[in-house]
Amino acid sequence: MLSGSILIVDDEASLLDFLSVLCTGEGLSVTTARSVREAREQLAERTPDLVLCDMLMPDGNGLDLLREIRAVESGPAVIMMTAYTSTRSAIEAMKAGAYDYVPKPFDVDELKVVIHRALEK
């Protein structure tokens, strides 16, 4: 079991619900946001230990949010995820400071490993 907090940012309600249940089951305190705007509001209220963020959302780009988070010295680790995978976007996310990059659909066990590793750092 893990301890800590995670902010999950994704505009797809069913995936957001699934990831919330998954992370809660791993022992994490979960906060969710369905947009970049909501994520910024959540981050202004409290800093989670980890952010799991979709790359593309209707109101913005997850990479922009990643850059904002990484600009703060004590900011949380960020795992980016996307259904529109490309080598270029993966490289861009990693250069911007993402802990990891997870393509959708993802293997649940692999995602758990990535989350565990990110929180251990």
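A nonpolar core is understood here as a set of buried Ala, Val, Leu, Ile, Met, Phe, Trp, Tyr and Cys residues joined through side-chain atoms within 4.5 Å, where buried means a relative accessible area under 20%, exposed means over 50%, and partly exposed covers the range in between (1.4 Å probe, protein chains only). The structure is a predicted model, in which local features need pLDDT of at least 70 and side-chain atom pairs count only at pLDDT 80 or more, whereas totals for chains, interfaces and linings use all residues. Residues are numbered from 1 along each chain as its sequence is written, and side-chain values use heavy atoms, with hydrogens and water left out.

The chain contains five helices and seven strands, these elements being DSSP runs numbered from the N terminus (helices H or I, at least four residues; strands E, at least two). Followed along the sequence, they give the pattern β-α-β-α-β-β-β-α-β-α-β-α. The radius of gyration of the chain, 13 Å, is close to the 14 Å that the globule rule gives for 121 residues, so the chain is as compact as a globular protein of that length; the radius is taken over C-alpha atoms, and the rule is 2.2 Å times the number of residues to the power 0.38. Along its principal axes, the C-alpha trace spans about 35 × 30 × 30 Å.

Of the 121 residues of the chain, 45% count as buried. The chain exposes about 6500 Å², of which carbon and sulfur atoms supply 49%, the areas coming from the Shrake-Rupley method with a 1.4 Å probe and, for residues, only the protein chains shown counting as cover. When contact is taken as heavy atoms within 4.5 Å, residues 24 or more positions apart account for 60% of the contacts in the chain with a separation of 6 or more. There are 12 positive and 20 negative side chains, and the centres of the two sets lie 5 Å apart; Lys and Arg count as positive and Asp and Glu as negative, with His and the chain ends not counted, and each charge is placed at NZ of Lys, CZ of Arg, CG of Asp or CD of Glu.

In soluble globular proteins, nonpolar side chains tend to be buried together. The largest nonpolar core of this model has 21 residues, and those with the most contacts inside it are V9, V51, C53 and M80. Two or more residues are given to this core by each of β1 (5-9), α2 (36-45), β3 (50-54), α3 (62-70), β6 (77-82) and α4 (87-95), and the largest share, four residues, comes from α3. When neighbours within four places in sequence are left aside, the contacts of M80 include C53, D54, M55, L63, L66, A93, Y101 and V102. A second, separate core of 20 residues includes L22, M81, V102 and V114.

Several individual positions illustrate the range of surroundings. D10, placed in the loop between β1 and α1 (13-25), is buried, with a relative accessible area of 0%. Apart from neighbours within four places in sequence, D10 is in contact with L15, L16, A33, R34, D54, M57, M81 and K104. S89, in helix α4, also counts as buried, at 12% relative accessibility, and its contacts, with neighbours within four places again set aside, are M55, Y84 and Y101.

V30 belongs to strand β2 (residues 29-33) and is partly exposed, with a relative accessible area of 25%. The C-alpha atoms of V30 and S5 are separated by 5.9 Å, although these residues are 25 apart along the chain; V30 touches I6, I8, S20, C23 and T24, not counting residues up to four places away in sequence. E38, in helix α2, is likewise partly exposed, its relative accessible area being 27%, and its C-alpha lies 10.0 Å from that of D59, which is 21 residues away in sequence. By contrast, S74, in the loop between α3 and β6, is exposed, with a relative accessible area of 62%.

Most residues other than glycine have a negative phi, and most peptide bonds are trans. The peptide bond from K104 to P105, however, is cis, with omega near -10 degrees, and P105 is found in the loop between β7 (100-103) and α5 (108-120).
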